[in-house]
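Thanks, everyone, for making time this morning.

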Amino acid sequence: MGIIQNKLGGGRICVAGYSPWSFNETLSKSSQLKTVFQWLSHDRLPGYIESYHKINLWIRETQEGNTTLAFVNSSFDAAENVVLALNTDKNKIKVVNMDCEEQVISARKEEGKYKQFIIPTVDPWQILLICTE
């Protein structure tokens, strides 16, 4: 895998000599791809799962400037201590589960533009609705 940035500093390219989606079952490959995507986007990703979990995200920003996302544990195992990294200036998120139970979670720490939130437990195939506050 190689990465290139043009001389003007704007355009970035990543070239892989294999299909990177085929070998994503390891922590090291998952971490590498997340780092590459952050670099390619100039740290403009709205969010990602920093921990090694099979979580799917759909992220949107509301007209009011809040971040809202659907969060799905696409695994047959419960996911514990999921680290959600969001590109936001907000320090709290509201998590609503499939039983309409709400939980407010504060940011654990900040790394660059991203704040980390720890989702304690997500049951298999559970969907969460998450909004910044």
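Lys-109 forms a salt bridge with Glu-111, and the closest N and O atoms of the pair are 3.0 Å apart; by salt bridge I mean a side-chain nitrogen of Lys or Arg within 4 Å of a carboxyl oxygen of Asp or Glu. By this rule the count comes to one salt bridge. Lys-109 counts as partly exposed because its relative accessibility is 38%, and Glu-111, at 38% relative accessibility, counts as partly exposed too, where buried means under 20% relative accessible area, exposed over 50%, and partly exposed in between, with a 1.4 Å probe and protein chains only.

A word on the basis of all this: the model is predicted, so local features need pLDDT of at least 70 and side-chain atom pairs count only at pLDDT 80 or more, while totals for chains, interfaces and linings use all residues. Residues are numbered from 1 along each chain as its sequence is written, and side-chain values use heavy atoms, with hydrogens and water left out.

Turning to the sheet, five strands form an open sheet in the order β4-β5-β11-β7-β8, with antiparallel pairing; strands here are DSSP runs of E with at least two residues, numbered from the N terminus, and two strands pair if DSSP finds at least two bridges between them. β4 (55–61) and β8 (102–106) stand at the edges with a single partner strand each, so one side of each is left without a neighbour in the sheet. On average, neighbouring strands of this sheet are turned by 20 degrees against each other, direction ignored, with axes taken as lines fitted to C-alpha atoms. Seven bridges link β4 to strand β5 (residues 67–73) in the antiparallel sense, and Asn-56 stands opposite Val-72 in β5.

What does the largest nonpolar core contain? It has 17 residues, and those with the most contacts inside it are Phe-71, Val-82, Ile-93, Ile-119 and Ile-130; such a core is a set of buried Ala, Val, Leu, Ile, Met, Phe, Trp, Tyr and Cys residues joined through side-chain atoms within 4.5 Å. The largest share of this core, four residues, comes from β6.

Ile-4, which lies in strand β1, has Ile-13 in β2 as its bridge partner. Six residues sit between the strands of this hairpin, where Gly-9 takes a positive phi near 90 degrees.

Methods. Axes fitted to C-alpha atoms, helices over the stretch in contact; angles between N-to-C directions.
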